[in-house]
Amino acid sequence: MPSASPIVHVKVSYPELSSRARRMMTKSTRFLVVVVLFFVGAPPRCLAGDPDPLQDICVADPNAGVEVNGFACKAAADVTAADFFFAGLAKPGATNNTMGSLVTGANVEKIPGLNTLGVSLSRIDYAPGGLNPPHTHPRATEIVFVLYGALDVGFITTANKLVAKTISQGEVFVFPRGLVHFQKNNGKMPAAVIAGFNSQLPGTQSIAATLFAANPTVPDDVLAKAFQIGTKDVEKIKRRLAPKK
């Protein structure tokens, strides 16, 4: 047992101690060992990604009408290779939009076979000057691999420190789970990355859209005080970020 060695060590190294003192040290040593084993040996569930699967496959059935932490499983007899296939990342996405970027997801909503497997991908394309605006993924860490072009990327820690770098073709950068991050193409040529996530559905919260385009809307006075701007400025930003009808 882990506690046997410390007990022997106490008895051998300190023969001059009274039996009562040795017993007290033995109890303290046992307690310390238990505490160390608890923190070292306990699985870090609070830092884990999606739960481990309990079967070979569980192809998502979004029409099952069952609400679980993930999707219900499709009947095994109905599973086909198409449930594990997606061609949507093969071509660049259209970047002729306000931000000059487009995210094409390859998650469980596009690939039902990813259900319970805890992984997904995205392709992100950037026009020259294009921005993937500050956002978070509440359920996953992200790792990007640059297909071509160059990007200025970064994330902000909870201590408000910016960790940023310029990355180019063939290079990799990691954005820790839940932290605000961004990518910007400051070059004169298009750029693209493949992004990997340790979740079948990482979720995305774009900071500006989350705050200024929520439905129902966040009260103007809340945003005005938070950003130290006037309510008229808040209303102007809300109009610009409102979903197009």
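Mentor: Let's begin with the lining of the second largest pocket, where ten residues are nonpolar, eight polar and four charged. Here nonpolar covers Ala, Val, Leu, Ile, Met, Phe, Trp, Tyr, Cys and Pro, charged covers Asp, Glu, Lys and Arg, and polar covers the others, Gly among them. The second largest pocket holds about 490 Å³ of space, and Asp50, Pro51, Asn69, Gly70 and Gln200 are the closest to its centre among the 22 lining residues. A pocket is an open set of points on a 1 Å grid over the protein atoms alone where a 1.4 Å probe fits, with protein on both sides within 12 Å along at least five of seven lines; lining residues have an atom within 4 Å of a point. Its volume is the space filled by probe spheres set on the points, which are joined across faces, edges and corners.

Keep in mind that this is a predicted model, and totals for linings use all residues, whereas local features need pLDDT of at least 70 and side-chain atom pairs 80 or more. Numbering runs from 1 along each chain as its sequence is written, and side-chain values use heavy atoms, without hydrogens and water.

Now move to the largest pocket, with about 800 Å³ of space. Of its 29 lining residues, Met99, Asn132, Pro133, Ser206 and Ala209 lie nearest the centre. Two or more lining residues come from each of β1 (101–106), β2 (120–126), β3 (131–136), α3 (207–212) and α5 (231–241). Such helices (H or I, at least four residues) and strands (E, at least two) are DSSP runs, numbered from the N terminus. Strand β1 gives the most, with four residues. By class, this lining has 13 nonpolar, twelve polar and four charged residues.
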